[in-house]
Amino acid sequence: MAGRKLTILPLIRKIELIEAVESGKKQKIVAEEFQIPANSVSTIMKRKDNYREQFYLGQVDVNKQRARLANHDDVEAELLRWLLPLLKNFVGKNG
């Protein structure tokens, strides 16, 4: 039994899809254009506010297929502040 091909759209394509549906195109036509199932279009439209927030606030890379947001922004910032100087001064085994 062959499985169906899983298509994951990056955030930028989801925004394009949302704009296409909101411009008046039927969801079925948009699904065919983006080569995804019609129920996926429906799911994206249900979550459109979340996708727009991520896109306009720059929370994730628009070309990533899956958004991985930090749950604890303050901890992430401190970790990065601690790690960057270490990486800057890193000397490899051969150096």
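This is a predicted model: local features need pLDDT of at least 70, side-chain atom pairs count only at pLDDT 80 or more; totals for chains, interfaces and linings use all residues.
Residues are numbered from 1 along each chain as its sequence is written. Local features need pLDDT of at least 70, side-chain atom pairs count only at pLDDT 80 or more, totals for chains, interfaces and linings use all residues, and side-chain values use heavy atoms, with hydrogens and water left out.

The chain holds five helices and zero strands. Its elements run α-α-α-α-α from the N terminus on. Helices (H or I, at least four residues) and strands (E, at least two) are DSSP runs, numbered from the N terminus. Of the 95 residues in the chain, 20% are buried. Here buried means under 20% relative accessible area, exposed means over 50%, and partly exposed lies in between (1.4 Å probe, protein chains only). The accessible surface of the chain is about 7,900 Å². Carbon and sulfur atoms account for 52% of that surface. Areas come from the Shrake-Rupley method with a 1.4 Å probe; for residues, only the protein chains shown count as cover. Among contacts in the chain with a separation of 6 or more, 57% join residues 24 or more positions apart. A contact means heavy atoms within 4.5 Å.

Two packed helices are described by the angle between their axes and the distance between the axes. Helix α1 (residues 11-22) packs against helix α3 (residues 38-46) at an angle of about 95 degrees. Their axes are 10 Å apart. Helix α1 is therefore roughly perpendicular to α3. Lys14, Leu17, Ile18, Val21 and Glu22 form the α1 side of the contact, and Val41, Ile44 and Met45 the α3 side. Six of these residues are nonpolar, none is polar and two are charged. Ala, Val, Leu, Ile, Met, Phe, Trp, Tyr, Cys and Pro count as nonpolar; Asp, Glu, Lys and Arg count as charged; the others, Gly among them, count as polar. Axes are lines fitted to C-alpha atoms, for helices over the stretch in contact, and angles run from 0 to 180 degrees between N-to-C directions. Angles under 35 degrees count as roughly parallel, over 145 as roughly antiparallel, 65 to 115 as roughly perpendicular and the rest as oblique.

Phe34 lies in helix α2. Phe34 is buried, at 10% relative accessibility. Beyond four places in sequence, Phe34 touches Leu9, Arg13, Glu16 and Leu17. Phe34 and Leu17 are 17 residues apart in sequence, with their C-alpha atoms 7.7 Å apart. Arg52 belongs to helix α4 (residues 48-57). Arg52 is partly exposed, at 24% relative accessibility. Its contacts, neighbours within four places aside, are Ile15, Ile18 and Glu22. Arg52 and Ile15 are 37 residues apart in sequence, yet 7.0 Å apart from C-alpha to C-alpha.

The loop between α2 and α3 contains Gln35. Gln35 has a phi near 55 degrees, a positive value in a residue other than glycine. Most residues other than glycine have a negative phi. Gln35 is exposed, at 67% relative accessibility. Pro37 is found in the loop between α2 (27-34) and α3. Pro37 is partly exposed, at 33%.

One aromatic pair is found in the whole structure. The ring centres of Phe55 and Tyr56 are 5.0 Å apart and their planes stand at 75 degrees, so the pair is edge-to-face. Rings of Phe, Tyr and Trp (its six-membered ring) pair if their centres lie within 6.5 Å; planes under 30 degrees apart count as stacked, over 60 as edge-to-face and the rest as tilted. Phe55 is partly exposed, at 24% relative accessibility. Tyr56 is exposed, at 56%.
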